[in-house]
Amino acid sequence: MILEGINVTRWFGGLCALKEVHFSIEDGEILGLIGPNGAGKTTLINLITGYYAPNSGQIKYEGKDIVGLSPHAVNKLGISRTFQIVRTFPKLTVLDNVRSGLVERRQRSPWRVALDSIIKNPDVQMIGSAGEGRALELLEFVGLTEYRDELAENLPFAYSKRLEIARALATNPKILLLDEPSSGLNPKEQNDQVTIIRRINEQGITILIVEHVMKVIMDISHRILVLHYGEKIAEGRPEEIYKNTRVIEAYLGSEAYAHG
Amino acid sequence: MNRKLFKLSLIILGILFILALPFIIQDRYFQHLLVLSGIFIILTSSWNLLAGYSGLLNLGHAAFYGIGGYSSALLALKLGLSPWIGLPLGGIISSIFGIFLGIPSFRLSGPYLAITTIGFSEILRLVSMNWVDLTRGSLGLYGIPPLTSLKLPKGILIKFVSEQNFYYVVIIFASLTLFIIRRLVYSEFGISLRSMREDEMGSESIGIDTSRYKLTVFMISAFFAGFAGALYAHYVRLISPEMLSLSETFTVLTMVMVGGLGTLYGPVVGAVVLTFLSEGLRFLEDIVKLNIRFVIYGALLMTTILFMRNGIVGLFQKKTQGTKG
C-alpha cells in the first residue's frame with residue numbers, strides 16, 4: 001500500500017464534500033475515481049496533495065501521515081498531480097514547462113539554486129545539460145518534441161494536457177494523480193491519452209485517475225472507487241462496478257441503462 | 001562561423017564605444033547623465049527581476065534604493081566607514097528590509113501585494129522625513145564623502161570625484177549586476193521564477209516552494225536596489241527623503257515598461273532612454289512651469305501599454321520567445 005486515507009472528512013462551510021472516506025492505493029496499480037459532479041473527487045486530490053487540509057482523518061503515504069504538508073512538500077515526497085483545468089505556464093516554452101518540473105529534483109534551497117546559477121554550476125544550466133536531456137525525453141514520451149520551442153499558450157488543448165503530464169512526470173513521482181485527463185478531448189485524443197497513461201503505469205508509477213469518460217476509466221483502471229455526495233458507495237474491479245446497483249442508481253442513473 | 005565573428009566584433013566595438021564615451025563627449029553634464037543612467041540600470045534591472053520575471057509587483061522599490069543610500073551615507077558620515085565597504089553594506093541592509101516585503105508576499109498577490117509595498121515604502125519615507133536626529137529630515141544628508149581614491153603603485157592616485165572616473169565605476173557595477181541577473185534568469189532559478197509568475201498553484205504542484213522563492217528574490221532584488229542607492233549617495237553626495245518617494249518608483253516602473261518588462265535588456269534601454277529624454281526635455285519645464293517629466297512618463301507608459309506591450313526591446317524580438325529571448 002503506497003497511499004492510504006483513513007476517515008478523511010472535509011467540510012466547505014455547511015457542505016460536506018467528503019465524509020469519512022477510506023481509500024487505499026496499492027503500489028503499481030491504476031485506481032479509478034468516479035462519481036457524479038460534486039461527489040468530492042477533485043477535493044480528494046486536493047486533500048492528498050496538500051492544497052486543502054482535511055477537517056479530520058489521516059492520509060498516509062508510505063506509512064507516514066502527510067496531512068498538513070504544503071503542496072510543494074507533498075510533491076517532493078513523490079506525489080505528483082495534474083489539474084482539471086490545465087495549469088501549464090502559458091508564457092514559457094514547451095521545453096521550459098517540462099524543465100520547470102526538473103528544478104526541484106535535487107531538493108535544494110532557492111539560495112543554493114541562485115548561487116549555482118551565478119557560478120554557472122553545470123547542474124542548473126538550461127542548455128546542453130542533463131536536465132535538458134531528461135526534458136526532451138519526456139517531451140518525446142508525450143509526443144511533443146516538435147513543439148519544444150513553442151510557447152505553451154499556443155498549444156492546442158489536447159497537447160497542453162499532455163504537456164502537463166510531462167511536467168508532472170519530470171518531478172519523478174512514485175504516484176501520479178490525474179484529474180480528468182481526457183475531459184474535453186475527442187475520441188482519438190482520448191485513445192492517445194489512454195496509451196500514455198498505460199505506458200506511465202508500465203514504468204512502475206502508481207496512478208490515481210479521476211475521470212468522467214466511462215469508456216476511459218473502465219478500460220484503464222485496475223480498481224475503481226465510486227464517490228457519491230462525499231461518501232464512498234462502492235469499490236472494486238471495473239466489472240463489479242458495472243453491476244453494482246448502488247452505482248447504477250447514483251451515477252449511471254436509469255435502470256434501462258443498467259439492463260443494457 | 002562568419003556570423004559569429006560578426007557578432008563578436010560588434011560586441012567588442014560596442015564595449016569600446018561605451019568605454020570611450022566620456023572621451024568622445026567631454027561635456028560634464030552629458031557625463032553626469034551617463035552616470036545616472038548607469039545607476040538607473042542597476043535599479044531598473046533589480047525591479048525587473050521582481051516585477052518582470054517573478055510577477056511580484058513591487059511599488060515600493062524606491063524604499064530599497066533609499067535604504068541603501070541612507071545606510072551607506074550614514075555609515076560614512078557617522079562612523080567614518082569607507083564608502084567602498086558602504087556600497088555592499090548598503091545592499092545587504094536593504095536586502096534585510098527585503099524580508100519585510102518578502103514575507104507578506106507569501107499570501108498576498110497582485111493588487112493586494114502592490115498596495116502593501118506602497119505602504120511599506122511610504123512608512124520608510126516618513127521615517128526618513130521625521131527621524132530628524134539621524135536623517136536631518138527633509139533637509140537630507142549632505143557632505144557625504146565620495147568614493148575614496150584608489151592608490152596604485154608608483155604613486156598613481158585615482159580619484160572618483162569627477163564624473164568621468166565615476167562613470168567607469170558605475171559601468172563596472174552595472175555590468176556586474178547585469179551579468180549576475182543574466183545568470184539568474186537564464187538558469188533553473190529563472191525558470192522557477194517565471195513558473196511562479198505564470199501559475200503559483202502549478203509551481204507548487206511540481207515542488208517549487210513559492211514562498212521561499214519569493215523571499216529569496218525579494219532579498220536579491222533589494223540588494224541590487226540598495227547598492228544602486230549607495231552608489232547614488234556617494235556620487236551626488238546629497239540625498240533626501242525624495243529618494244524613497246513613490247515618484248521614484250514610478251520612474252523605475254516607466255523605464256522598465258518602456259524598455260521591455262521581463263526582458264534582460266529592456267531595463268537597460270529604458271533607463272538610458274528615459275534619463276536622457278527627461279533631461280533633454282527640461283527646457284520645457286521653464287516654459288510651461290510645471291513638472292513636465294511625469295506628464296511625459298505618463299504618455300510614454302500609455303503608448304507602451306497600448307501599442308508595444310513588450311517595450312522597445314520587444315520590437316526587436318521574434319514572436320516566439322525562446323529561452324535565450
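Let's start with chain B of this predicted model: of its 325 residues, 49% count as buried. Chain B is built from 15 helices and 4 strands. Its radius of gyration is 20 Å, close to the 20 Å that the globule rule gives for 325 residues, so chain B is as compact as a globular protein of that length. If you follow the C-alpha trace of chain B along its principal axes, the spans come to about 60 × 55 × 50 Å. The chain also folds back on itself: among contacts in chain B between residues at least 6 apart in sequence, 74% join residues at least 24 apart.

Now let's look inside. The largest nonpolar core has 146 residues, and those with the most contacts inside it are A:Ala166, A:Ile209, B:Ile39, B:Ala228 and B:Leu231. Helix 10 of chain B, residues 210–236, gives the most to this core, supplying 17 residues.

Finally, turn to the place where the two chains meet. Chain A brings 35 residues to the contact, and chain B brings 29 residues. On the chain A side, helix 2 (71–77), helix 3 (94–100) and helix 4 (110–118) each supply at least two residues. The largest share of that side, 6 residues, comes from helix 4 of chain A. Sorted by class, the side of chain A that touches chain B holds 13 nonpolar, 11 polar and 11 charged residues.

Key. Residues numbered from 1 in each chain as written. Chains lettered and ligands numbered in written order. Predicted model: local features only at pLDDT ≥ 70, side-chain atom pairs only at ≥ 80, totals over all residues. Contact = placed C-beta atoms within 7 Å. Nonpolar A, V, L, I, M, F, W, Y, C, P; charged D, E, K, R; others polar. Rg over C-alpha atoms; globule rule 2.2 N^0.38 Å. Buried ≥ 20, exposed ≤ 12 C-beta atoms within 10 Å, placed from the backbone. Core = buried A, V, L, I, M, F, W, Y, C linked by C-beta atoms within 7 Å.
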